[in-house]
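Look at how the charged side chains pair up in this model.

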Amino acid sequence: MEEEEQKKLCFSSTVMVHNIAKRHNVGTLARTATAFGVTELVLVGRRDFNAFGSHGSASHLAFRHFHSLSDAALHLKSRDFDICGVEIAEQSLPVNEHPFRRSTAFLLGNEGSGLSAKECEICDFFVYIPQYGSGTASLNVTVAASIVLHHFGVWAGFPERIRDGNKFIVAEKPLKQARRNYCVENAESIIEERKIRRENNSHDFLDENGTDDSPSNGLDGLFGG
């Protein structure tokens, strides 16, 4: 049992952002992600993002960009991540039962339509959040992210942040990116993305538009592109 607990401490979580309709939700997701131990937010589509609502949390979070869902999925698989779709569906498992096995990337659906068929295709499993009241059909995407990421942190045994009075102590801000609210490319990320594209082509993977190269896809609606 102790060996199992030690192994879980090596696990991490990631949030995938794709096809979310409301601009301010990305910033709020960044704030939620940092609160529950997420160190990286994966953007699929455009490189720019809206940090409104993050209250400075975006400075503590790495942003990684991919042109398509298939690119992002291959990257996560290479790091031994499961991809978990957060969706109310027949095959979904209750998140409070902690059906996790390893490091996990959480893909949240569009606020109105939920996960698309293409998004569901890259998921290894699905979780839903049990509700006990009858007044709403579903939760806001950022609220859902908070609950799911908290449950993963409990399962993984993340250490609780130190408190000071009625607040948690915030770490010093790391160096800012060269351009605010923009996922900056570097030599390593360019090499990695080209490698993933070659793997996509060799496996005949298609993105959600039916092509293997989509410079701007589902986040266009989010960022008004």
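A salt bridge here is a side-chain nitrogen of Lys or Arg within 4 Å of a carboxyl oxygen of Asp or Glu. The model is predicted. It holds 8 salt bridges.

Take Arg 64 and Glu 40. Their side chains meet in a salt bridge, with N to O at 3.0 Å. The pair links distant parts of the chain: Arg 64 sits in strand β3 (residues 62-66), Glu 40 in strand β2 (residues 40-44), 24 residues apart. Arg 64 is partly exposed, at 23% relative accessibility. Glu 40 is buried, at 9%.

Next comes Asp 124 with Lys 77. The closest N and O atoms of this salt bridge are 2.3 Å apart. Asp 124 lies in the loop between α4 (117-121) and β7 (125-128), and Lys 77 in helix α3 (residues 69-78), so the pair ties together parts 47 residues apart in sequence. Asp 124 is partly exposed at 36%. Lys 77 is partly exposed at 36%.

Asp 82 forms a salt bridge with Arg 102, at 2.9 Å between the closest N and O atoms. Asp 82 is in strand β4 (residues 82-86); Arg 102 is in the loop between β5 (93-94) and β6 (104-108), 20 residues apart. Asp 82 is buried at 3% relative accessibility, whereas Arg 102 is partly exposed at 25%. Salt bridges with shared partners join Asp 80, Asp 82, Arg 101 and Arg 102 into one network.

Now the cysteines. How many disulfides does the whole structure hold? A search finds 0. For Cys 84, the nearest cysteine sulfur is that of Cys 123, 7.2 Å away. Cys 84 is buried, at 0% relative accessibility. The sulfur of Cys 120 is 5.8 Å from the closest cysteine sulfur, in Cys 123, too far for a bond. Cys 120 is partly exposed, at 26%.

Technical notes. Residues numbered from 1 in each chain as written. Predicted model: local features only at pLDDT ≥ 70, side-chain atom pairs only at ≥ 80, totals over all residues. Heavy atoms only, no water. Disulfide = S-S within 2.5 Å. Buried < 20%, exposed > 50% of the residue type's maximum accessible area, 1.4 Å probe, protein only. Helix = DSSP H or I, 4+ residues; strand = E, 2+ residues; numbered from the N terminus.
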